Structures are given as structure tokens and as C-alpha cells.
Amino acid sequence: MLLDVRDLTARYGAVVALKNVSFHVGEGEIVAMIGPNGAGKSTALKAVSGVLQTTDGTIENGKILFEGKSIKGLTTNELVGRGISLAPEGRRVFTTMTVLENLQMGAYKRKDKASVSQDMDMVLTLFPPLKGRTKQKACTLSTGEQQMLAIGRALMQRPKILLADEPSLGLSPNFVELIFDKFTEINKNGTTILLVEQNASEALRISHRAYVFSIGEIVLSDSGRNLRRNPDVQKTFLGA
Amino acid sequence: MIEQVLANGLIVGTIYALTALGFTIIYRTVRFFHFAHGVVYACGAYFAYSVLRIAYSGGGPPLHEATADLRYATTWVVAIFAGVIGAGVLGVVIDRLVYKPLRKRKAPNLVFLLASFGVFIFIQNLLQLIFGAQILTIRAGPVKEGHHFLGAVITDVQILILVVSSLLSVALWVFMQKAKLGKAMRAVADDRLAASVVGINPERIILAAFAIGSALAGAAGILISLETNIEPTMGMNAILKGIIASIIGGIGSIPGAMFGGLFLGIAENLGIWKISAGWKDCIAFVILIAFLLLRPGGIMGIKTEKEQL
């Protein structure tokens, strides 16, 4: 098991955002966490990625194990280099830097220059729209292209697991489908993926397994396919 | 006459630019006004003075003879290094002792600003306690007649100020564009969360920003004291001009700080040419207010509002 989270309780100030949540991600899987706004799915991802403690959140209880070792309490920058990388909510590309510089920053902690340039080629092949714009400032890209860049930047760390926080947020519909297809492609190349998503139908389409969050708890977990067929899920998330 | 006015403006402008650059490097990284930057500037001058004072009781050796005498030259080199590196270390110490504990407590920006004022006053009084409130000088020997150049008269020291501050500005620019640390500093300035996402440790970058920014302040303090006198309160005027230059250039922008400094220096000198020297600071503030009203983003106008963590 690559990532194993047990009995996680987290809060923002006095507000409990997660109550005894347990989930896991196996090597090679695509796992989605879905649920309405404020259900705690994003908090769960932020707890894993170390972002929670940089904001006002705290992990009160529970274990977060990555490859069997505890990563609870590590800051986001400490997780880089351990094989965990994040495509954060709202993309957060370096808007004052060029596309190329953004991707280079992704490899900030890596020393192996040759394989870095290999990965650069891989990312630019994966996302053709970025290829012709390497010299352009990231702020000139469309939202969808910025999301590609954020994912590309995360891949530049050659992660074992890619965490994606609301990757479809603010994207036009045709980009949403494209981005999710890219996740499948990235996964086929050997990267495990854990994503948090509001767009349940797209997320369930590509994921092997998924967890359904509601008011700080996991209420359902099953394969992506089964969840898509589940009448409750259909009613609540898929608009059926 | 206009040539002379422009030359004077340019010379003082490069000093403003240097102060503004140091201030900006720090501001971009920590997002609060490090007001104590001014007293770091003063300390740079006092550190250099101390070395010269120890080597030669009373005043320094003539700078213009430093080229002729190895002992003079060595003393000056040591003095300048002491001023620049001492200022850099002082900046880092201020951050570690005052700002870092505040960061841990997630203090609001206003608290940082107040703390910074406190540090400013504390160190300025310390300078007065150690060196006295009187005016000191690190210059010695007669002021030599300047060179005639494009209709203006410029002294050796002024040429030195121009050359050194231009070189430092360009070096900083290249460093920020090309060096790995420079890029990481830009990344933190752009988006601190995203910087941690790629593995940059924000605390290391803050350390680097204080070291580099404060060293630049030290250099500016030494350069100005080659031209004028030093006194404990010299930091106040310097930081005000540095901040004005940063704002009119575009707060947080490195080229903005450079242009803002030059713009302010030249505008001030054009102003006092036509009015009177007593109005110099007034002119600076009028320009500031005009910019705040008409073009608050400054000359370079970069974005400053971004979700802060």
C-alpha cells in the first residue's frame, strides 16, 4: 500500500472538518475523493500534502503513512523528494515566470540533469499546447493550459503519487474531459494518482476506486464503476 | 546647468535604487514593510567606519590614495567587506530574533510593521550610545576637483558610486534571472504555496532575502558616506526614500525599484534646481502622493494582491 490514512481527524479552528476518516491508495491506482462542497475531501488531501498546516488547519488525530512511514506533520516542501507531488487547488502556477521556468521549478530538488530533461520532454509531449509556449509567461495561458502546467510541474518531480486538488475547477467542459484523459495516460505510465474532484462523473469515469465524502466523513467507498451505477450517487452527484 | 542637475540626480538616484532594491527583495519575500532596513543601511556605514577607526584612530585614510598604497587599499577592502557583510548578517539576525518568532505565531502584517519600527528605533539608539549623536566621517583628505563630463562636473567618488551601484543592480538582476537561488526567490515572491509545492523551503528563501537585501543596504550606506557624513539617524531618510522609490517604481518589482530610485533622484534634483534645496523631501513626498493617487501600481505596475498564506 502506497498511501494509508487512518482515523484522521482535522479541524479549522473550532470547526471539525474531518472525523475519523480512513482511506488508502494502492500502487498504480487512480483513486478519487468526491462529495459536495465542505464535505472534507479537500481537507483530507491537504492533510496528506502538508498544505493544511500552512493554512489555519490542524491535524488532531490519526496516522498518515506513505510507503509505511509516517508523513504526518511534514510540510509541503519536505514531502517533495519523497515521491509525493501536488497539483494544488486553483492551479497556482508561477504567473510571473515562463512556462519553461515553471517546469524547471518543478524539478527544483532534483540533481539528475539528464533525466530531468527527459521528463521535460515527456511533459511537453503529454501536453502539446505547452510545447509551443515554453517562452511565454504562465499568466498568458488559459485556465485549462495553466492546469496542464500545474500537473506538468508536479510530474517534473517524477512522483510516485500525484495528488490533484480540484483539477477541473474553472475549466471549460472540453478541457475537463481532456485533463481527465491525461490522468489515465499519466497513470498508465506508472504514476499513482489521488484526486479530489467536484465533477463526480468525470472523476468516477477514470478512477479505479473512489471515496464519497459527506460532512466530514466517508459515507461510501467502492470501485469507480460501481459508484457510477449506485442509485444514491447517481441521484446526488450525477444529476440522474 | 541641466547636465549637472541630471548628473547629481543620477548619482543620488543610484543610491536610492540600491536601498529600494534591498527593501524590495525583502518585501517580495515576506510581504511586509521591513522598515528597519533603514537602520541596517546606517549600520553598514558604521561598520565600515569602525574598521577604519580601529586601523587609523580618527578618520579613515584618503580613499583616493588607496590605489597608491597597499596598506590603505587593504584597510578599505576590509572596511567595505565589514560594512556589507556586517549589514547582511544584521538583517538575518533581525529576522531570526524578531520576525521569525512572529511568523511562527502567524502574526498579522501590522504587528510586523510595528516590530520593525521598534527594531529601527532600538538599533538607532544603540548606534547613538556607541558612537555618539554627532556627525562622523569616513572621508579624509582634500576633496579633489571633479572631471568635466558631458557638461557636468563629477568627482572620482561620484563615479565610484555610479559604477558600483550600477554593477550591483545589474548583478542582482542577473542573479534573480539566472541563478537557482534567484529563481527560487522569484518563485516565493510569486506564490509562496506553489513554491513549497515544488520543494522550496520558504524559511531558507527568507533568510537569503534578508542576507542579500541587507547587504545591498550596507553597500548603499557605505557609498553614501563616501559622499556625505554619517550619523545615527541617517537611516530614516534612506528608508523613506527607498520606500518612495519602491512605490513609484511598482512595489515588489525589481526593475521598478531601480527605475523608481533613478526617477526619484532626478526629480528631486530637478525640483531643487528650480525651487530651493529645503524642498527636497517635500518634492519626494509630492511625487509619492501623485503616484498613489494617479498610478498606485507604480511605473512597472506589477500585481501585488495575491492570496497570501
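Are B:Asp95 and B:Arg103 buried or exposed? Before I answer, a reminder that what you see is a predicted model. B:Asp95 is buried, and B:Arg103 is buried as well. The two residues form a salt bridge, with the closest N and O atoms 3.0 Å apart.

A:Asp119 and A:Arg110 pair in a salt bridge whose closest N and O atoms are 2.7 Å apart. Both of these residues are buried. They also belong to a network of salt bridges that links A:Arg110, A:Asp112, A:Asp119 and A:Arg158.

Next, A:Arg205 and A:Asp181. Their salt bridge has its closest N and O atoms 3.1 Å apart. A:Arg205 sits in helix H9 of chain A, residues 200-206, and A:Asp181 in helix H8, residues 173-188, so the pair ties together parts that are 24 residues apart in sequence. How exposed are they? A:Arg205 counts as partly exposed because its relative accessibility is 35%. A:Asp181, at 34%, also counts as partly exposed. Over all chains, a search of the whole structure gives 22 salt bridges.

Now the interface. The size of an interface is often given as the accessible area lost when the parts come together. Here chain A and chain B bury about 2200 Å² between them, and 56% of that is on carbon and sulfur atoms. On the chain A side, A:Arg92, A:Phe94 and A:Tyr108 lose the most area to chain B, together 33% of what that side buries. As for residues in contact, chain A brings 24 and chain B brings 23.

What about polar links between the chains? There are 10 residue pairs in polar contact between chain A and chain B, counting pairs with both residues at pLDDT 80 or more. Two salt bridges are found across this interface. A:Glu101 and B:Arg186 meet through their side chains in a salt bridge, at 2.9 Å from N to O. Which helices of chain A supply at least two residues each to the side that touches chain B? Those are H2 (51-54), H3 (76-79) and H4 (99-106). H4(A) gives the largest share of that side, four residues.

Last, the surface of chain B. B:Val77, B:Phe81, B:Ile85, B:Val89, B:Val93 and B:Leu97 make a nonpolar surface patch of about 570 Å². One of these residues, B:Phe81, lies in helix H3 of chain B, residues 70-104. B:Phe81 counts as exposed because its relative accessibility is 52%, and the cut-off for exposed is over 50%.

Methods
Residues numbered from 1 in each chain as written. Chains lettered and ligands numbered in written order. Predicted model: local features only at pLDDT ≥ 70, side-chain atom pairs only at ≥ 80, totals over all residues. Heavy atoms only, no water. Patch = residues over 30% accessible without salt bridge, like charges linked within 9 Å, V, L, I, M, F, W, Y side chains within 5 Å. Areas by Shrake-Rupley, 256 points an atom, 1.4 Å probe, with all protein chains shown as cover. Salt bridge = Lys/Arg side-chain N within 4 Å of Asp/Glu carboxyl O. Buried < 20%, exposed > 50% of the residue type's maximum accessible area, 1.4 Å probe, protein only. Contact = heavy atoms within 4.5 Å. Buried area = accessible area lost by both parts, 1.4 Å probe. Polar contact = N/O pair within 3.5 Å; in protein donor to acceptor, adjacent residues only side chain to side chain.
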